[in-house]
Structure formats: structure tokens, C-alpha cells
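Hello,

Here is the structure I said I would pass on. Please open it beside this message and follow along; my notes come after it.

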Amino acid sequence: MLTVSGLIKSYDGVRRAVDGVTFEVKAREIFGLLGPNGAGKSTTIHVAVGLLAPDGGQVRIGDAGGSSGPPTDPAVRSRVGVAPQALAIYEELTGEENIRFFAQLQGLRGAELRNRTAAALQFVELHDRRRDLARTYSGGMKRRLNLAAAIVHDPQLLFLDEPTVGVDPQSRNAIFENILALRERGLTVVYTTHYMEEAQRLCDRVAIMDQGRILALDTVDGLVRAHGGKSVVVAAVDGHEARIESDDPIGELVRLKQSGPLRDFRLEQPNLERVFLNLTGRQLRD
């Protein structure tokens with residue numbers, strides 16, 4: 001569905017924001033693109049949707065019939081939906097007016113325009129608030145309206161950039177359910193986020209990116225096995241906390257209990273967050 005090959009992009013002619021990035025997103029896949037600030041995620045996405053021209057490499061977007069083309073081709077771009085992190089909605093328009101406007105930009109007219117607008121608002125559960133101004137919406141409602149604007153033209157490939165920033169748990173869960181439902185309808189999703197638990201819950205495969213390059217790409221389980229490290233037993237022993245990395249945490253607990261009173265313990269299993277930190281480091285990024 002999406003093929004990125006040897007992608008290169010520089011902003012100052014010297015430093016490469018994207019440095020030879022290659023990956024493929026399969027049809028009906030939720031593909032996570034993770035990385036710290038400045039890793040090159042946004043630049044990669046901007047090139048992938050045709051907003052920026054690459055300095056090297058190429059992007060091809062396929063369709064259900066097997067043909068493909070660059071995102072700069074209007075016919076190809078019409079198969080793509082984008083929900084950016086910066087909300088792409090107009091505060092002084094109603095929810096319905098917002099979605100109708102974006103649908104018209106995609107060439108929808110007449111009955112198809114009305115039907116698609118209504119269906120998109122119903123999908124994100126905003127139909128009852130469709131005549132209210134967008135500025136009266138909560139943060140979570142605005143995020144759902146942003147998603148509706150991205151899917152109103154029924155794209156085959158959807159880019160979601162930090163789609164749950166600033167929303168409450170209920171809206172966040174509703175967005176998750178929307179994304180999974182879109183995948184069931186046949187959409188392919190490219191998902192960027194800073195929240196590791198979101199990627200772990202939603203994504204079929206994940207690429208971790210830093211300094212313009214893909215560091216690792218696999219299923220979440222595959223990444224954890226390859227880069228998550230060992231389990232950690234944290235135990236209260238003799239008045240202090242012991243942290244022990246082990247491939248056999250149960251055996252380690254038995255040994256600790258045999259050596260003296262074991263007042264408390266917990267087990268920290270490798271997860272995607274640990275994979276991320278192991279690959280990209282723990283230094284703060286500004």
C-alpha cells in the first residue's frame with residue numbers, strides 16, 4: 001500500500017532530517033512510526049503525503065487494483081487521508097460545515113457530499129453536535145472532528161499524527177475504537193505517537209526512528225524480544241530494594257526467598273517503552 005525507498009531529505013543542505021529511510025506498509029495494516037523529538041518522523045510523513053519533495057529516494061502509494069504512483073499525483077493523493085497533529089478545523093464553522101468543506105475539497109458534490117458528510121460525523125459520534133460551532137467542542141471532540149475530516153472522502157491510506165494529544169481517557173478510547181473499526185473496513189493506517197502504550201495496543205508493526213534513520217522495525221512482540229532486554233525482579237530484601245535482571249525471574253524469586261525474608265516484590269517485564277529507550281537513549285530531547 002505504501003512503499004518508502006531510500007528516502008533522503010535535508011533542510012540546510014548538510015544535515016539530513018531523513019537519511020535513507022526504507023519501509024513498506026501492507027494493506028489493512030496499522031503501522032506505527034515512533035521516535036523522539038527531531039527523529040525525522042514528521043519530515044518522513046510530509047514527504048509521504050506529498051507536502052515536501054524528497055532530495056533522494058521515492059514514495060509510492062498503491063491501490064486495491066495493484067497499481068501505484070507518487071503522492072504528488074492528484075489521482076494518488078485522492079486515496080490518502082491525513083489527520084495532522086495541529087488540528088485542521090475551522091473554529092467559526094459548525095462541525096457539519098467543517099466536514100462539508102473538506103469533502104468539497106476532495107471533489108464530492110450533491111447527494112454523495114451529503115451522505116459522506118453525515119456518515120463521517122456519525123462514525124465519530126458527532127452527528128448530534130453537527131450544527132454547533134467547532135469552538136464550542138471539547139478537546140476530544142475536536143480530535144474526532146479532525147479524524148472525520150480525514151476520512152470523509154473514503155481514503156484507502158490514512159495518516160494519523162498524534163491523534164490523541166490532549167484528550168481525556170473516554171475520547172482517547174473512542175478514537176482507538178474508531179481506528180480499529182477503520183482497519184476492519186479495509187483502511188491502511190500510518191500512526192505516529194509518543195505514547196508507547198498506544199502503539200503497543202493498536203499497531204501490527206512498529207518502526208522506531210532516530211536521527212533520520214530506522215533503527216528497528218518489527219511486530220511489537222518481535223521488538224520486545226530483540227531489544228527489550230531481560231525481565232527485572234524488584235524486591236525488598238533486608239531493608240533495601242534490590243533490582244535484578246534475569247531470564248528466569250521466578251527462579252530468582254525462589255533464590256531470594258531462600259536467602260532471607262522477602263517482604264515485597266514486583267516484576268518489570270520488557271515492553272515497547274523499554275525497547276524505545278534502549279534504542280534511542282535516555283537523554284532528553286528539546
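Predicted model: local features only at pLDDT ≥ 70, side-chain atom pairs only at ≥ 80, totals over all residues.

Helix H1 itself covers residues 41-48. Six of its eight residues are buried, so the helix is largely enclosed by the rest of the structure. The buried ones are Lys-41, Thr-43, Thr-44, Ile-45, Val-47 and Ala-48.

Next, the overall layout. The protein is divided into three parts: domain 1 (2-79 + 155-225), domain 2 (94-153) and domain 3 (230-269). Taken over C-alpha atoms, the centres of domain 1 and domain 3 are 40 Å apart.

Then the interior. In soluble globular proteins, nonpolar side chains tend to be buried together. The largest nonpolar core here has 46 residues, and Leu-158 and Tyr-191 touch the most other members. Helix H5 (residues 139-151) supplies the largest share of this core, with seven residues. Both domain 1 and domain 2 give residues to the core, so it lies between them.

What does Tyr-191 touch, leaving out residues up to four places away in sequence? Its contacts include Ile-30, Phe-31, Gly-32 and Leu-33, and also Leu-160, Pro-163 and Thr-164. Phe-176, Ile-179, Glu-198, Leu-202 and Cys-203 are on the list as well.

Regards

Notes:
Residues numbered from 1 in each chain as written. Heavy atoms only, no water. Buried < 20%, exposed > 50% of the residue type's maximum accessible area, 1.4 Å probe, protein only. Helix = DSSP H or I, 4+ residues; strand = E, 2+ residues; numbered from the N terminus. Domains from an automatic or database assignment. Core = buried A, V, L, I, M, F, W, Y, C linked by side-chain atoms within 4.5 Å. Contact = heavy atoms within 4.5 Å.
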